[in-house]
Amino acid sequence: MKGDRSRPAGLLVAALLCFAVAVVAFGGLILRTDYAGRAIFGAAWGALGVVWLGKYFFGGRNSRDAEAEDREA
């Protein structure tokens, strides 16, 4: 059995950066007078952060890779 693969830290940093931009947008530092624009901008960055987090936690191996590694072990 091979050792556990380390997850790339860049994905986690990208997710945290996206969430930070979303918080800044929802807080009103970006598009201060445009409430609809703030909501859209913040939601888009928040969704992108969720995608990066999903890639960080679940995107490391697909089922074929896992099966092939299990057969090799």
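The model is predicted, so local features need pLDDT of at least 70 and side-chain atom pairs count only at pLDDT 80 or more, while totals for chains, interfaces and linings use all residues. Residues are numbered from 1 along each chain as its sequence is written, and side-chain values use heavy atoms, with hydrogens and water left out.

With 5% relative accessibility, Gly 28 counts as buried (buried is under 20% relative accessible area, exposed over 50%, partly exposed in between, with a 1.4 Å probe and protein chains only). Along the chain Gly 28 and Gly 42 are 14 residues apart, and their C-alpha atoms are separated by 9.8 Å. Leu 31 is found in the loop between α1 and α2 as well. Leu 31 is not a glycine, yet it has a positive phi of about 55°; its relative accessibility of 39% makes it partly exposed.

Stepping back to the whole chain, the secondary structure comes to 3 helices and 0 strands, in the order α-α-α along the sequence. Of the 73 residues in the protein, 19% are buried. Contacts (heavy atoms within 4.5 Å) between residues at least 6 apart in sequence join residues at least 24 apart in 59% of cases. The accessible surface, from the Shrake-Rupley method with a 1.4 Å probe and, for residues, only the protein chains shown as cover, comes to about 5,600 Å², and 65% of this belongs to carbon and sulfur atoms.

Helix α1 covers residues 9-27, and its end C-alpha atoms are 27 Å apart. This agrees with the 27 Å that its 19 residues should span at 1.5 Å a residue, the expected span being 1.5 Å times one less than the number of residues. Its buried residues are Leu 11, Ala 15, Cys 18, Ala 22 and Ala 25. Seen down the axis, these fall within an arc of 85°, so they line one face of α1; the arc is that of the directions from the helix axis to the C-beta atoms. An α-helix has 3.6 residues a turn, so residues three or four places apart point the same way. The face of α1 turned away from the buried side carries exposed residues, among them Val 13, Leu 16, Leu 17 and Val 23.

What covers the buried residues of α1 includes α2 (35-58), and the buried residues of α2 in turn pack against α1. Those of α2 are Gly 37, Arg 38, Gly 42, Gly 46, Gly 49 and Tyr 56. The 24 residues of α2 should span 34 Å, in agreement with the 34 Å between its end C-alpha atoms.

Ile 40 also belongs to α2, but counts as exposed at 61% relative accessibility. Ile 40 and Phe 26 are 14 residues apart in sequence and 9.4 Å apart in space, C-alpha to C-alpha. Leu 48, another residue in α2, is partly exposed at 35% relative accessible area. Together with Val 51 and Trp 52, Leu 48 forms a nonpolar surface patch of about 250 Å² accessible area. Patches are made of residues with over 30% relative accessible area and no salt bridge, joining like charges within 9 Å and nonpolar side chains (Val, Leu, Ile, Met, Phe, Trp, Tyr) within 5 Å; a salt bridge puts a side-chain nitrogen of Lys or Arg within 4 Å of a carboxyl oxygen of Asp or Glu.

Technical notes. Helix = DSSP H or I, 4+ residues; strand = E, 2+ residues; numbered from the N terminus.
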